[in-house]
Amino acid sequence: MTVKDKSNASSKTPSNGQPDEFSFVVPERPVPKGRPRMSRKGRVYTPKETVLAEKSYIAAVGENPPSFDGPVRVEVMFCQEGTFVTVRSLKEWSTPLRGDLDNYIKLCLDGCQRAGLFPNDRSVVQLEATKE
């Protein structure tokens with residue numbers, strides 16, 4: 001897969017104004033989010049590489065992106081050429097769980113690693129997660 005153009009965001013919006021789907025590509029090699037660091041003076045900061053990567057997502061999405069109200073499904077594919085993202089609206093979905101799905105996943109994978117199921121959670125290369 002080759003990423004050719006930074007301006008390849010696309011959107012499908014029905015007449016009711018609520019978007020059904022939005023796709024975009026971050027045309028740079030993906031980087032993992034860095035953990036917060038502490039300076040010698042005791043100040044907590046986000047690593048520069050993480051800040052730059054997050055700005056790449058903002059640039060790839062572009063100005064005036066659609067806003068999704070309600071539950072969504074996010075499909076992400078990471079590869080050397082970039083990150084391919086699709087956000088789709090889900091019509092009916094509710095859950096009593098309040099935490100962020102990514103935080104549940106982090107705890108699960110860290111727990112599995114500490115339990116000895118795999119030596120490092122970096123070895124997880126495919127994941128499907130649902131919050132119900």
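These exercises work through a predicted model of one protein.

Local features need pLDDT of at least 70 and side-chain atom pairs count only at pLDDT 80 or more, while totals for chains, interfaces and linings use all residues. Residues are numbered from 1 along each chain as its sequence is written, and side-chain values use heavy atoms, without hydrogens and water.

**Exercise 1. Elements**

Task: State how many helices and strands the protein has, and give their order.

Solution: 
- Step 1. Know the terms. Helices (H or I, at least four residues) and strands (E, at least two) are DSSP runs, numbered from the N terminus.
- Step 2. Count. The protein has 2 helices and 6 strands.
- Step 3. The order is β-β-β-β-α-β-β-α.

**Exercise 2. Helix α2**

Task: Check the span of helix α2 against its number of residues.

Solution: 
- Step 1. Take the rule. The expected span is 1.5 Å times one less than the number of residues.
- Step 2. Apply the rule. Helix α2 covers residues 101-114, which is 14 residues, so it should span 20 Å.
- Step 3. Compare. The end C-alpha atoms are 20 Å apart, which agrees.
- Step 4. Look just past the helix. G116 takes a positive phi of about 95° there.

**Exercise 3. Salt bridges**

Solution: 
- Step 1. Define the contact. A side-chain nitrogen of Lys or Arg lies within 4 Å of a carboxyl oxygen of Asp or Glu.
- Step 2. Take K91 and D20. K91 lies in the loop between β6 and α2, and D20 in the loop between β1 (10-12) and β2 (21-26), so the pair ties together parts 71 residues apart in sequence.
- Step 3. Take E75 and R88. E75 is in strand β5 and R88 in strand β6, 13 residues apart.
- Step 4. E21, R73, E75 and R88 are linked in a network of salt bridges.

**Exercise 4. Buried or exposed?**

Task: Sort K91, D20, K33 and E54 by accessibility.

Solution: 
- Step 1. Set the classes. Buried means under 20% relative accessible area, exposed over 50%, and partly exposed in between (1.4 Å probe, protein chains only).
- Step 2. Sort K91 and D20. K91 has 60% and is exposed. D20 has 33% and is partly exposed.
- Step 3. Sort K33 and E54. K33 has 63% and is exposed. E54 has 36% and is partly exposed.
- Step 4. Turn to the whole protein. Buried residues make up 18% of its 132 residues.

**Exercise 5. A residue in a loop**

Task: Describe where W93 lies and how far it is from G70.

Solution: 
- Step 1. Locate W93. W93 is in the loop between β6 (82-89) and α2.
- Step 2. Class W93. Its relative accessible area is 40%, so W93 is partly exposed.
- Step 3. Compare sequence with space. W93 and G70 are 23 residues apart in sequence and 8.3 Å apart in space, C-alpha to C-alpha.
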